[in-house]
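Here is a friendly walk through one protein model, strand by strand. Have a look at the sequence and the fold before reading on.

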Amino acid sequence: MASLFPLKSFTILALTSALLLSPALAQTTCATISPKYAPVVTAGYTAKVLMNGLTAPRGMLFDSQGNLLIVEQGGAGVRLVKLTHGDGINVCVASSKQLINDPSLNHGIQLTGDGKTLFVSSETIVYSYTYDATAGTVRAKKTVITGLSPSGHATRTLLISKQNPDQILVQVGSNANIDSATTEASSGRSQARIFSINALKAGTSSVAYTTGTLFAWGLRNSIGWAEEPTTGGIWSNENSLDDAKRNGVDVHMNNPGEELNYHGVLNDTKSPQFGANYGYPLCIAARDPTILPANTKIQIGTQFVYGTVGGINTDDLCAPKQAPRLTFPAHTAPIDLKFNTNGSALYVTFHGSWDRQPPDGYRMSRVDFKNGQPLRPANSANPAVNILTNADNTKCPNDCFRPSGLAWDSKNRLYMASDSTGEVFVISGA
């Protein structure tokens, strides 16, 4: 997707050294390092490497004391990073330590509104810890949710609502490219459920995932979840299926599109989105309708049935499903979503493709919003503005950075992880 602004390459300055696992680096001074693969940064933004040497950084957040918490998917648990803050992107790592030593943790991380309870997830379990931001410590580990599917897409995203702070959302993806069992919500896969935090904290034993309130389903692998700050609306991104065919014709290069889905407000049980089905595995969203056989008024964002059209398998089956609000290019693999403070922009990390040539994704982009909704129409061919991109996607996935987690600090600076290179970038202008 072409940027709407002129691009220029930045020399990206680093703020700290690598090899953060070494105790000798608990106290450090700022040093200059180069990014493994220098991003191209859109005009109006600046970026530089905050740290490197991490083990596949994924989910990130800031605590009440300005410490950065990072889930290291490569088996290193959760890291706590203390920072010194200046103006702009003048940020430096003061110290770094392992906060939680649990190699099963792989993505999800959230703090309650009072900053005192930390939730993290493995493939099959959600845990809570009592957290002390001032001391930088955790204690009282508790297993709170069990029975998350042990196969397939392994990340389990967590989201705690700011407008409804007693509610935590837990996402589970499919166990295969086409997970036929997810046509039933009882499968416990390809869905998101919500739980009462107070009930989880008060309970004397864990609860099963399928006992949570069904919030959304028919979502193959929606890794990124975010709450729009002005309306409380919940948004997710969808990693749609691979190797798509229609009437025996291979259409997978540009179809289906990845999705940006709207779910309404977390506690609005009367909204049409609450508990709604978003299509998968029966229905997928068109990104390039021009190559679809049996095209009956399908445009970008229109859902169509997977496989052969005929008999009861017609596109009419998709009419009751919730269609995406925006549709991104196929196989770009959106990972995280974060709104800015006034809700005018949603930042999206695209981890990048494996199922198309030339490769696509490998960037961080911005979706412009107004009044709680995207400015672009649902059938837009250009739903996002690219902010950080790789200079040459043909070298991806092996020789490029791959964006994963996002986090905002108290000075409204955006932080972006690259799990493939073990780096975290700090970005101003967002």
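Which residue takes a positive phi in the hairpin of β5 and β6? G75 does, with a phi near 100 degrees, and the hairpin has four residues between its strands.

A word on the ground rules: this is a predicted model, where local features need pLDDT of at least 70, side-chain atom pairs count only at pLDDT 80 or more, and totals for chains, interfaces and linings use all residues. Residues are numbered from 1 along each chain as its sequence is written, and side-chain values use heavy atoms, with hydrogens and water left out. Strands are DSSP runs (E, at least two residues), numbered from the N terminus, and two of them pair if DSSP finds at least two bridges between them.

**Hairpins and pairings**

Strand β5 (residues 68-72) runs antiparallel to β6 (residues 77-85), and E72 stands opposite G77 in β6. On to β7 (residues 91-100): V78 stands opposite I100, and the hairpin of β6 and β7 has five residues between the strands, with G88 at a positive phi near 60 degrees. The antiparallel pairs can be set side by side:

| Strand pair | Bridges joining them |
|---|---|
| β5 and β6 | five bridges |
| β6 and β7 | eight bridges |
| β13 and β14 | six bridges |
| β3 and β33 | five bridges |
| β32 and β33 | five bridges |

Strands β13 (residues 167-172) and β14 (residues 191-196) belong to an open sheet of five strands, ordered β12-β13-β14-β16-β22 with mixed pairing. Its edge strands are β12 (158-160) and β22 (276-277), each pairing on one side only. Within the sheet, Q191 in β14 is the bridge partner of V172.

**Around β33**

In β33, V424 stands opposite M51, and F425 stands opposite M416. The hairpin of β32 and β33 has four residues between the strands, and G422 in the turn has a positive phi of about 70 degrees.

**The cores**

A nonpolar core is a set of buried Ala, Val, Leu, Ile, Met, Phe, Trp, Tyr and Cys residues joined through side-chain atoms within 4.5 Å. The largest one has 18 residues, and I427 and M416 are among those with the most contacts inside it. Strands that each supply at least two residues of this core include β3 (46-51), β32 (414-418) and β33 (423-428), while β30 gives the most, with three residues. Apart from this core lies another, of 17 residues, including L50, F62, L83 and V93.

Notes: Buried means under 20% relative accessible area, exposed over 50%, partly exposed in between (1.4 Å probe, protein chains only).
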